[in-house]
Amino acid sequence: MSGKPILGFIGVGVMGMGMCRNLAQKSGCTVLAADLNIENVRSLAPNGVIASSVQQIAETASIVFLSLPAIQHVEAVCTGADGLLAHAKALNTIVDMSTSDVERTRQLGRTLQQSGIGLIDAPVARSREAANNGTLLITVGATEAQFSTMKPYLECMGSDVLHCGPTGGGQVVKILNNMVLLNTVHTLAEAFAMAEKSGVSKDLLAHALGLGSAASFALKLTGANYLAKDVFPEKMFSTAYALKDLKLALELSNTVRLSNQITTLTARQLQRSIDAGFADNYYPVMYRVIAKGEDPT
């Protein structure tokens, strides 16, 4: 690939698989991928993705994208004993597309910069379908120069790529996006439970809300398709992951010294869902716990 960099991608799970596929198909670059589940990586071979290891990626790729569960995994992959920093040769930029802690992201950026490696935070929003279709929202924390360089690659994975300021800015916007979404779905779950107990069809409620001022993306995607149907599959955005993201929002509100009572209540409801055995189910499953009518306090 004359003139084109070699890219790395670490973490090809629920979201990362579609993202990596689109990057390989649209960038025109060689893409090396690694994941704890080697079968996930091998499934991308028809798309031109080459199975690799963290060490090989650090030695060969100049830009590495991460799609990992949480900041501790990002830190381990970047600065762990056998991580990217330990084997960096060609590597000059890491793009973290995970949803991660703001302050730890900024600290990791400072640590990597000491070795001449730039860190860009570029967490993604929207669904698994959007990841597969390349229509994610990507909020980016980077310098203007970094953003200009990375935008063409990010546009392989997202239809909306937004510069949100310096390192950590992308995480702030993503965390707040998820906070608003999760709090909205919490309210929708309560509304659907109240409708059912009042003798009103959940399908009817979904339709009616969609015609009024309560219409929203959350209602269209989650309310009509999942809450109204009482279907909450696994291998979607799980209750455990949702709670992780809300804890990030609560940490952020503590950092800026603002009260966040609504988010506190939603986090408590998600924890109750986990305690009820729904940790791996799609997070609107909180509806089932709410519908039991138990005291949420």
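The questions and answers below concern a predicted model.

User: In what order do the 3 strands of the open sheet stand, and which of them are at the edges?

Analyst: The pairing in this open sheet is mixed, and the order is β7-β8-β9. A strand with a single partner has one side left without a neighbour in the sheet, so the edge positions belong to β7 (124–125) and β9 (158–163).

User: Which residue of β8 stands opposite A125?

Analyst: β7 and β8 (residues 136–140) run antiparallel and are joined by 2 bridges. The residue of β8 opposite A125 is L137.

User: Is Q171 buried or exposed?

Analyst: Q171 sits in helix α9. Its contacts beyond four places in sequence are D96, S98, T99, S100, V102, T105, D121 and P123. The relative accessible area of Q171 is 0%, and the limit for burial is under 20%, so Q171 is buried.

User: Which backbone nitrogen does the side chain of Q171 reach?

Analyst: S100 is among the residues that Q171 touches. At 2.9 Å, the side chain of Q171 reaches the backbone nitrogen of S100.

User: How far apart are the end C-alpha atoms of helix α6, and what span should its 12 residues have?

Analyst: Helix α6 covers residues 102–113.

User: Where on helix α6 do the buried residues fall?

Analyst: The buried residues in α6 are V102, T105, L108, G109 and L112. Their cover includes α4 (71–79), α5 (84–87), β5 (93–96), β6 (118–121), α9 and α12 (239–255). Seen down the axis of α6, the buried residues fall within an arc of 120°, so they line one face of the helix.

User: Which residue caps the N-terminal end of α6?

Analyst: A side-chain oxygen of the capping residue lies 3.1 Å from the backbone nitrogen of E103. That residue is D101.

User: How does L221 count in terms of accessibility?

Analyst: L221 lies in helix α11 (residues 217–227), and it touches Y226 and Y282, leaving aside residues up to four places away in sequence. Its relative accessibility is 27%, which lies between the limits of 20% and 50%, so L221 counts as partly exposed.

Methods:
Residues numbered from 1 in each chain as written. Predicted model: local features only at pLDDT ≥ 70, side-chain atom pairs only at ≥ 80, totals over all residues. Heavy atoms only, no water. Pairing = 2+ DSSP bridges. Helix = DSSP H or I, 4+ residues; strand = E, 2+ residues; numbered from the N terminus. Buried < 20%, exposed > 50% of the residue type's maximum accessible area, 1.4 Å probe, protein only. Contact = heavy atoms within 4.5 Å. Polar contact = N/O pair within 3.5 Å; in protein donor to acceptor, adjacent residues only side chain to side chain. Expected span 1.5 Å × (residues − 1). Arc of directions from axis to C-beta.
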